[in-house]
Amino acid sequence: MINRIRYIFIFSLVMLVGKATGQTGQVLYYMNLPQNHLMNPALHPSNSASVGLPVISGVYFSVNNNFINFSDVFLKSSTSDSVYSFLNSESATDDFLARVNKKNSFSPQVTIPVLSVGFKGNKGLYFFIDINERLEANAVLPGDVIKLVLKGNEEFVGDKIDLSSLRTDMRYYREFGFTVSKEISSKLTIGVRPKLFTGIISTRLENRSFEIKVNEDYSHSVDADITANFSGPFNIHMDNEQNLDSITFDDSWFSFNTMASIQNRGLGLDLGATYKLLNDKVLVSAAITDIGYIRWKRNATNLTAKSQFEFDGLDMTDVLNGEKEFEDVGKELLDSLMDSFVLTETNEPFTTWLAPGLTLGGSYKLNNNISFGILSYSRFIGKQVRESLSLSANMNLSNAFSFSLGYTLQNQRADNFGAGLAFRAGIFQFYAISDRMPINWDKIEVDSDTSVPVPSNWNTINLRIGMNLSFGNKVSKKNDKPVIQNQQTF
């Protein structure tokens, strides 16, 4: 039982880390920090120069999914403080499945800065040069697959299960950004950020058609036309009958020469603008980010399955009865699929497109230090559109102290409260930002001596934390504009 709980715990975390919303942080937008030029290239801080050091200048981590929380997987016991799995009873499983969507999406995003330099130029110009390591993933899992796994195939007998919405897309790449913003007038500021990409690892599933029919004898007939694309440390091994034998990983891929390779090239662009209204009390802004692509050529492999076959399917009954471990049943399923799929292997380059984001914002300046903002963010991932709407109260005392409190409607939830805090000590500017701070927590016992605290409701979480070096923080007494006025271009 302990092994089963441990496995389900790991499984739930994997599901939480599986989806890619690519959100860069709503709370960040109205704070006086260099990082907000990543959301809108027209934005820049009030200081004259900043430097971001590798890693410590701000690791960003984001996880989203649209249907599952820890409290959905592990339920509190009515007689003790312990929790139990949703698989422990049929009614708990049914309650879990009732929350499963037709299309269940998962997405993580990790951004690790390598270097960032920003500085003020003449005539209203501001420049940024930054290098970031970015890991993004998108996955969509049809709800019927989850129901088939957990409830068995009896209720699907004679029916076809449409899996055409199944999608996976993961990429790890390096981003070189060159930002220029310009104050066109006292009211209008525009920014542009062209980007170069070098791809390191990519996996992508092209799903043209995919369906499963559950036959009267409970076997499964599969009709598939899909292609899995790989670029990276993947060695594909096929048997003599063109069935997939195994996939191994080449550790040497992560050597300096490979990581510095620019064979997988791509281009991108961010555009942004801000405009002041009503005696500079109101600021409206707009940006479109992550327009771009990467062309994957290095060690490109394409596995195409266009065939019909039958296999026994996945039966969770033995797991629920305790006769088999979950991993044993999963291995049986993988072995069955690998023996059934007839694959065609090619080595053609393929292209992945970034998921563009559209940001629309407006803020009202109550005084030189306090403002209230509204921000809409829409991300376009294939045919899906993921949206969020944030309200915030913001305080910026130059860049000596910055605080923002936000409330976000996102990911089918209305309980996303976030906050950001930044303060400067000399040239060191420290900050921590989260769009959603978990309020309720549970704990799960991994073993008899170890328990792990986990948020009860955790289908959206992100965190950005780091330190910048900040220079030129004083205001000239002569002809320069006040710092607060520059800052309010945010």
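Student: Is tyrosine 29 buried or exposed?
Tutor: Buried means under 20% relative accessible area. Tyrosine 29 has a value of 0%, so this residue is buried. The model is a predicted one. Tyrosine 30 has a relative accessibility of 5%, so it is buried too.

Student: How much of the protein counts as buried?
Tutor: The protein has 490 residues, and 50% of them count as buried. Its accessible surface is about 22800 Å², with 59% of that belonging to carbon and sulfur atoms.

Student: How many helices and strands are there?
Tutor: The protein contains eight helices and 26 strands. For contacts with a separation of 6 or more, 70% are between residues 24 or more positions apart.

Student: How many aromatic pairs are there?
Tutor: The count is 10 aromatic pairs. To sort a pair, look at the angle between the ring planes: over 60 degrees counts as edge-to-face. The ring planes of tyrosine 29 and tyrosine 30 are at 80° and the ring centres are 5.1 Å apart, so this pair is edge-to-face.

Student: Which pair is tilted, with 50° between the planes?
Tutor: That is tyrosine 293 with tryptophan 353, at 5.5 Å centre to centre. Tyrosine 293 belongs to strand 14 (residues 282-296) and tryptophan 353 to strand 17 (residues 350-353), so the pair links distant parts of the chain, 60 residues apart. Tyrosine 293 is partly exposed at 30% relative accessibility, whereas tryptophan 353 is exposed at 58%. Elsewhere, Phe230, Phe234 and Phe249 make up one aromatic cluster.

Student: Which residues have the most contacts inside the largest nonpolar core?
Tutor: They are Ile161, Ile201, Phe210, Val222, Ile236 and Leu303, in a core of 23 residues. At least two core residues come from each of strand 9 (188-214), strand 10 (220-231), strand 11 (234-238) and strand 15 (300-311). Strand 9 gives the largest share, six residues. Another core, of 12 residues, lies apart from this one and includes Met31, Ala422, Tyr431 and Ile433.

Student: What is leucine 303 in contact with?
Tutor: Setting aside neighbours within four places in sequence, the contacts of leucine 303 include Ile226, Phe230, Ile236, Met238 and Leu343.

Student: Which residues form a nonpolar patch on the surface?
Tutor: Val180, Val192, Leu271, Ile288, Ile291, Leu358, Leu360, Phe380 and Val385 do, with about 620 Å² of accessible area together. Strand 14 and strand 18 (357-365) each give two or more residues to the patch. Isoleucine 291, in strand 14, is partly exposed at 34% relative accessibility.

Student: How many salt bridges does a search of the whole structure find?
Tutor: The search finds 18. One of them joins the side chains of arginine 193 and aspartate 130, at 2.5 Å from N to O. Arginine 193 is in strand 9 and aspartate 130 in strand 6 (residues 125-142), so the bridge ties together parts 63 residues apart in sequence. Both residues, arginine 193 and aspartate 130, are buried.

Student: Which residue forms a salt bridge with lysine 195?
Tutor: Glutamate 175 does, with the closest N and O atoms 3.6 Å apart. Glutamate 175 and lysine 195 are both buried. In another bridge, glutamate 206 and arginine 208 have their closest N and O atoms 3.5 Å apart. Glutamate 206 is partly exposed at 25%, and arginine 208 is partly exposed at 41%.

Student: Which residues do shared partners join into one network?
Tutor: Among them are Asp130, Arg193, Glu175, Lys195 and Arg379.

Definitions and conventions. Residues numbered from 1 in each chain as written. Heavy atoms only, no water. Helix = DSSP H or I, 4+ residues; strand = E, 2+ residues; numbered from the N terminus. Buried < 20%, exposed > 50% of the residue type's maximum accessible area, 1.4 Å probe, protein only. Contact = heavy atoms within 4.5 Å. Areas by Shrake-Rupley, 256 points an atom, 1.4 Å probe, with all protein chains shown as cover. Phe/Tyr/Trp six-rings, centres within 6.5 Å; stacked < 30°, edge-to-face > 60°. Core = buried A, V, L, I, M, F, W, Y, C linked by side-chain atoms within 4.5 Å. Patch = residues over 30% accessible without salt bridge, like charges linked within 9 Å, V, L, I, M, F, W, Y side chains within 5 Å. Salt bridge = Lys/Arg side-chain N within 4 Å of Asp/Glu carboxyl O.
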